[in-house]
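Please look over the structure shown here before reading on. The paragraphs that follow take it one part at a time.

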Amino acid sequence: MQIAIASGKGGTGKTTIATSLAKSLAGLHQVHYLDCDVEAPNGHLFLKPEIQTQKDAIVRIPQIDVGLCTTCGRCVEVCQFHALAQTPEEILVFPELCHGCGSCTWNCPENAITEIENPIGVIESGITPEGIHFSHGVLKISEPMPTPIIHQLRKNEKRSDRSVVILDAPPGASCSVVETLRAADFAILVTEATPFGKHDLLQIFGILKDLKIPAGVIINRTDGHESEMEQLLKEKQIPILMQIPFDVSIAAGIASGRTLIDIKPEYLERFRTIFCQIESLLAAEEAC
Amino acid sequence: MIIIVSAKTAEYEGAPDERFGRAALLTRVDTNSGEWQTFPNPGVNQSGGAGVAAAQFAIDQKADAVISGDFGPHASRALNAAHIEMYILTSTSDSVKKAVELFNQGMLPVFQS
């Protein structure tokens, strides 16, 4: 089962939830934790894995043989990412814009294009003290495109059908979030009862609807009063999986690199309950 | 000479756009005949590579020079490779027409990458 943790708004507690959920299930299931927030991965600060393997994340970019190229511009025409430009004298390649789709190579009438490997970051994998299979992608500074590394991160994971994969998504609602959510079985959306939290949550709802992924919400930093958020979720018929009251001791614990279940051990059972809840939600969905 | 000015509106008297790749329109001006025509900027709605798309348009239009508020690294690399000169709008270039006049008088600064 693959569970993605997303939010829309940044700083709502995705990694807080993802790391604690992973730890709560570690003794019961084979757990994989994938930090897909490749622009600023931080799950390792809480799960403290021992990194065992390091692998380049690659985009295959075109290299043009100027001896064969007639600058016909076919490659420029077929590149939907504008990673190529045609001048009267030459074809220019913009590696940072290339998604590695291979269209230019495929369409070149002169076979003047070969593909070379352009490393855009690294994928590091290891094991945490609890036995969680940990992986994260780290995008190189100045590389603008996180999606290929997220794609490779998800593809790399060797797992059985019975293992639980926790996908810690990047913030926002752009391509990198879609790449993380794609083919997930369930999404846990972590939000806060603020206008900003609500606005971004609605964007994620839109994505999940398109991807047909069921979801539940965790409202973080609540103040004990019924929020507009709760009413919204009631209207949308999206289950609230948990509410976490605002608590300075949680904030202090997180700031010192401890997971929520280490700071507040009573949350361990609550996370296990959430997992059972998700399992039964999915089972009910299948039965429908 | 063919020059291309990034523009906000389709009028010759309308305001130029400070942005190149993300400008709504690109206005092509033939300084010899004074003829001008406005085109939608192919870069404006691209998720990425807007600068390259706009630069490719300038190359395809056989422009000798382009005028905008600034040029990103991709656009300037493509324009440089095609030997198209880049000029920067000044505070007094409040319309496309005015920008072209200033260009003709040699009053617009050259873009420094």
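The model is a predicted one. Is B:Gly72 exposed, partly exposed or buried? A residue is called buried if 20 or more other C-beta atoms lie within 10 Å of its own, and exposed if 12 or fewer do. B:Gly72 has 17 C-beta neighbours inside 10 Å, so it counts as partly exposed. Leaving aside residues up to four places away in sequence, B:Gly72 touches B:Gly21 and B:Gly51. B:Gln112 is 40 residues from B:Gly72 along the chain, and the C-alpha atoms of the two are separated by 11 Å.

Next comes the sheet of chain B. Its five strands form an open sheet with mixed pairing, in the order β3-β2-β1-β4-β5. Why is one side of β3 (36–40) and of β5 (85–88) in chain B left without a neighbour in the sheet? Both strands stand at the edges and each has a single partner strand, so one side of each has no neighbour there. On average, neighbouring strands of this sheet are turned by 25° against each other, direction ignored.

One pair of strands can be followed in detail. Strand β1 (residues 2–7) and strand β2 (residues 25–30) of chain B run antiparallel and are joined by six bridges. Within chain B, the residue opposite B:Ser6 is B:Leu26 in β2(B). Helix α3 (residues 96–104) of chain B packs on the sheet, where it touches β1, β2, β4 (65–68) and β5 of chain B. The direction of helix α3 of chain B makes about 140° with that of β1(B).

Chain B also touches chain A. The contact takes twelve residues from chain A and 13 residues from chain B. On the chain B side, α1 (50–60) and α2 are the elements that give two or more residues. The largest share of that side comes from α1(B), with five residues. Sorted by class, the side of chain B that touches chain A has seven nonpolar residues, five polar and one charged.

With residues up to four places away in sequence not counted, A:Ile166 touches several residues of chain A, including A:Ile3, A:Ile5, A:Leu21 and A:Val31. A:His32 and A:Tyr33 are also among the residues that A:Ile166 touches.

Definitions and conventions
Residues are numbered from 1 along each chain as its sequence is written. Chains are lettered from A and ligands numbered from 1 in the order in which they are written. This is a predicted model: local features need pLDDT of at least 70, side-chain atom pairs count only at pLDDT 80 or more; totals for chains, interfaces and linings use all residues. Two strands pair if DSSP finds at least two bridges between them. Helices (H or I, at least four residues) and strands (E, at least two) are DSSP runs, numbered from the N terminus. Axes are lines fitted to C-alpha atoms, for helices over the stretch in contact, and angles run from 0 to 180 degrees between N-to-C directions. Two residues are in contact if their C-beta atoms, placed from the backbone, lie within 7 Å. Ala, Val, Leu, Ile, Met, Phe, Trp, Tyr, Cys and Pro count as nonpolar, Asp, Glu, Lys and Arg as charged, and the others, Gly among them, as polar.
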